[in-house]
Each structure stands twice: as structure tokens, then as C-alpha cells.
Amino acid sequence: MDDHLRVDPHYAGRSGFDPDFLGRRLALPTLDVADAATGPAAPDGVLRYHHFSVVMHARRRLAILSAANLDGRRRFTHVTSGDRWIVDPRLPAAQTGEDLYAGNDLDRGHLTRRADQLWGDTRDEAAAAVADTYHFSNCAPQHRDFNQNNATWQGLEDYILTTVADQRLRANVYTGPILDPDDPIYRGVRLPRAYWKVVAVATDGAAVHATAYLIEQTDLLSDLDRSPPLGPYRTFQTSVRHVAARTGLGFGPLPDYDPTAPVQRGAERYEIFDLHDVKL
């Protein structure tokens, strides 16, 4: 019996990221429109899925960002398993496919991840959202020791989801790579050296607050043919303004909901936390 998730081929019915999900309008981050990939099936450059949306970079063939809604009140514990990645037919030329990930230590790192989309009014709705996370548009190259490490990316993702689920919160999670022009080239693709997340959470009192995180994988990319030993890593919490400065994205009012001090003069300032100390 085939237990893989099945992707709905009728893309026009997907509503994508809901900007009003937290009770106030928080639109997709704005960007330089010259960077966004477009096509007849995505004229505005936005690939809409169930519960989330993705914007692709035309030249880098990776996502600029993935923006997702999470509802901790309507979660399911399980849907059908699956790990069958497909190219989104709406913008096929803007995606990096399986050739990049074969025979090396690169993971297809989910941006909006599978576990975050296990929610909906019905199990079928949750399954459709989970299936959509397996488009190549929604992944980016992450070294396995970064993607699967409880002290770095996976640990941060688990922390965010656990907090949202346990406290039955609603949240918007914005995720993407830092696409620097001097990123190292591997198999014709520039590999991002860092990834970011911005999380906006609505409490029962309808207040919204935002936090931002930035984690690097630079040392792990030095030799993909011979995996280096895993060095010390910690989770970095920074400001929304700092992520905006590094990515060139506009996050609307979210910097005003961020309690951290703004970065001064573009300095590379982080506050470093153990995952148990990080606050959403």
C-alpha cells in the first residue's frame, strides 16, 4: 500500500498565507520585485499552498521566503507519512531539484516544515497542508548536521512548535535563507550560509509580539565531500530589524512588536541563548 502523501494537482484552489490570521493585517514581507520569479501561473510571484506561501528568487532558484500560519488549537498528532519531493509546475525553472542533494551531506531543508502544518478543521485539510511542504520550492540546502541538530535549526523549530502547540497559540512563521552574493557555489548553486526565522504570535488578549532568529552553517559547508566535525553552535536570537537589514525584506509593523533592542549602525549584534532560555 502506498502511504505517501498525495499532492493535490489543482493549485488554483489554494489560499496560501492568510495575512489576517492573527486578528490584524500582517501582509507578506515586501521585497525587491526584480528578484522574485514570476510566471503565467504565479504573476505576482507568490506560490500559494495550504496554510503557507512561498516567494522564489529568479536567479538563485531558491526561496526568498516561506510564510506560514500555525494554529496550536487545531493540531493533529499524525497524518500519512511521506518524503516524496516534487517540483511545483507553476515555476519549474525557478527551483533547484534533486540533483543538488544527491550523494552528499545536504538535506532538503524544509522552510515551512511538515510538523508545523499538522493542523486544520479536518484531518484531510491537515494532510493537504503537510503534502504541500514537500515541494522543492519550500526547501533549501542545509547541511545535515545543521538541519538535524537539536542545538541549531531543528532545535529552534521544535522549540517554536512546542510553544505554539502547548500554549494553543496562533502564529505566523516567516522563514528563509540569507542570500548573499558571495555565497559558495556547489553544483552550480550558491549555498546559503545562514537562515533566519521571524515569529509573530497572537496571545489570548489579541496582543501580537514578534521575535527573530538567525543561525549560520558556514563552517559545515567548507567541504561537502568530506564532512567536517560538528563545531560548537548556539541559537542566536536577534531583532526583526536586523533580519530585515540582512535580507532586504520589509516586515511591515513587526519590528514594532519586537521587544529586543534594534541593531545600531548595521552592526552584527546578536544575543546568544540556550534554547531553554529563548523566548517567543
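Leaving aside its neighbours within four places in sequence, which residues is L47 in contact with? Here "contact" means heavy atoms within 4.5 Å.

**View 1. L47 and its neighbours.** The answer is A42, F52, S53, V54, M56, D88, R90, L91 and S137. Keep in mind that this is a predicted model, where local features need pLDDT of at least 70, side-chain atom pairs count only at pLDDT 80 or more, and totals for chains, interfaces and linings use all residues. Residues are numbered from 1 along each chain as its sequence is written, and side-chain values use heavy atoms, with hydrogens and water left out.

**View 2. The largest nonpolar core.** A nonpolar core is a set of buried Ala, Val, Leu, Ile, Met, Phe, Trp, Tyr and Cys residues joined through side-chain atoms within 4.5 Å. "Buried" means under 20% relative accessible area, "exposed" means over 50%, and "partly exposed" is in between (1.4 Å probe, protein chains only). The largest core has 31 residues, and L47, V54, M56, L70, L91 and I160 touch the most other members. Two or more residues each come from β2 (52-56), β3 (63-71), α3 (153-166), β6 (170-177), β9 (194-202) and β10 (208-216). The top contributor is α3, with 6 residues. These element names come from DSSP runs: helices are H or I with at least four residues, strands are E with at least two, and both are numbered from the N terminus. Another core lies apart from this one, with 28 residues that include A202, A210, V240 and V243.

**View 3. W85 and its ring partners.** Rings of Phe, Tyr and Trp (its six-membered ring) pair if their centres lie within 6.5 Å; planes under 30 degrees apart count as stacked, over 60 as edge-to-face and the rest as tilted. By this rule there are 11 aromatic pairs. W85 and Y134 make an edge-to-face pair, 5.2 Å centre to centre with 70° between the planes. W85 sits in the loop between β3 and β4 (106-110), and Y134 in the loop between α1 (123-132) and β5 (139-143), so this pair ties together parts 49 residues apart in sequence. W85 also pairs with F136, this time tilted: 5.9 Å centre to centre, 40° between the planes. F136 is in the loop between α1 and β5 too, so its pair with W85 links parts 51 residues apart in sequence. W85 counts as buried because its relative accessible area is 12%, and F136 counts as buried because its value is 5%.

View 4. All 8 of the 8 residues in β6 are buried. In a regular strand the side chains alternate between the two faces of the sheet. In β6, R170, N172, Y174 and G176 point one way, while A171, V173, T175 and P177 point the other. Strands pair if DSSP finds at least two bridges between them. β3 and β6 run antiparallel, joined by 6 bridges, and A67 stands opposite Y174. β6 and β9 are also antiparallel, over 8 bridges, with N172 opposite A200.

**View 5. N147 in helix α2.** N147 belongs to α2 (residues 144-147), and counts as buried because its relative accessibility is 15%. Its side chain makes a polar contact with the side chain of D107 (2.9 Å). A polar contact is a pair of N or O atoms within 3.5 Å; within protein, one must be able to donate a hydrogen and the other to accept it, and residues adjacent in sequence count only if both atoms are side-chain atoms.
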